[in-house]
Amino acid sequence: LNKHVMLKAAITLFLIMPLFGNFNYDSINRNPKVHTVIIKEMKFQPSEIRVDKGDIVVWINKDIVTHNVTEEKEKGWASPALSAGKSWKMTVKKSFSYFCTLHPIMKGTIRVK
């Protein structure tokens, strides 16, 4: 086949893929950004951040005591205990609130744009 026919076929396939329901453009993040939340003075700093779906959030414990990061509403996920100097990261798929189960007054929010 000539290049013109191949190009037409490729464009047509690209345009009809979403009709099959298995392709989600929103789930693609080719260049995820890394966002950092510092745990310090019994707070998540910043306490609220906005990210794109697929971005990575890293929590770094710069406090003198152990903390963790736990999804607040359903407790669907949790970090391990993070002693001073330790960190934990996750890829963000949706918005959520979180807290430290060891110090429930500590709360934070991740909002997906």
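Figure 1. Glu-48 is partly exposed, because its relative accessible area is 38%; buried means under 20%, exposed over 50%, and partly exposed in between (1.4 Å probe, protein chains only). The model is a predicted one, in which local features need pLDDT of at least 70 and side-chain atom pairs count only at pLDDT 80 or more, while totals for chains, interfaces and linings use all residues. Residues are numbered from 1 along each chain as its sequence is written, and side-chain values use heavy atoms, with hydrogens and water left out. A salt bridge is a side-chain nitrogen of Lys or Arg within 4 Å of a carboxyl oxygen of Asp or Glu. Glu-48 forms a salt bridge with Arg-111, with the closest N and O atoms 3.0 Å apart. This pair links distant parts of the chain, since Arg-111 belongs to strand E8 and Glu-48 to strand E3, 63 residues apart. Strands (E, at least two residues) are DSSP runs, numbered from the N terminus. The side chain of Glu-48 also meets that of Arg-50 in a salt bridge (3.9 Å, N to O). Arg-50 is exposed at 52% relative accessibility, and Arg-111 is partly exposed at 35%. Together, Glu-48, Arg-50 and Arg-111 are linked in a network of salt bridges.

**Figure 2. The salt bridge between Glu-72 and Lys-107.** The closest N and O atoms of Glu-72 and Lys-107 are 2.7 Å apart. Glu-72 lies in the loop between E5 and E6 and Lys-107 in strand E8, so the pair ties together parts that are 35 residues apart in sequence. Glu-72 is partly exposed, with a relative accessible area of 25%, and Lys-107 is partly exposed at 45%. The count of salt bridges in the model comes to three.

**Figure 3. The open sheet of four strands.** The strand order is E3-E8-E7-E5, with mixed pairing; two strands pair if DSSP finds at least two bridges between them. E3 and E5 each have a single partner strand and stand at the edges, so one side of each is left without a neighbour in the sheet. E5 and E7 pair in the antiparallel sense over two bridges. Thr-70 stands opposite Phe-99 in E7.

**Figure 4. The largest nonpolar core.** A nonpolar core is a set of buried Ala, Val, Leu, Ile, Met, Phe, Trp, Tyr and Cys residues joined through side-chain atoms within 4.5 Å. The largest one has 17 residues, and those with the most contacts inside it are Phe-44, Val-57, Trp-59, Val-69, Tyr-98 and Ile-110. Among the elements that give two or more residues to this core are strand E1 (34-40), strand E4 (56-61) and strand E8 (103-112). E7 gives the most, with three residues. Apart from its neighbours within four places in sequence, Ile-110 is in contact with residues including Ile-49, Val-57, Trp-59 and Tyr-98, where contact means heavy atoms within 4.5 Å.

**Figure 5. Asp-63 in the loop between E4 and E5**. Asp-63 is buried, with a relative accessible area of 11%. Leaving aside neighbours within four places in sequence, Asp-63 is in contact with Ile-39, Lys-40, Glu-41, Met-42 and Ala-84. Asp-63 and Ser-83 are 20 residues apart in sequence, and their C-alpha atoms are 8.3 Å apart in space. Val-65 lies in the loop between E4 and strand E5 (70-71) and is partly exposed, with a relative accessible area of 32%.
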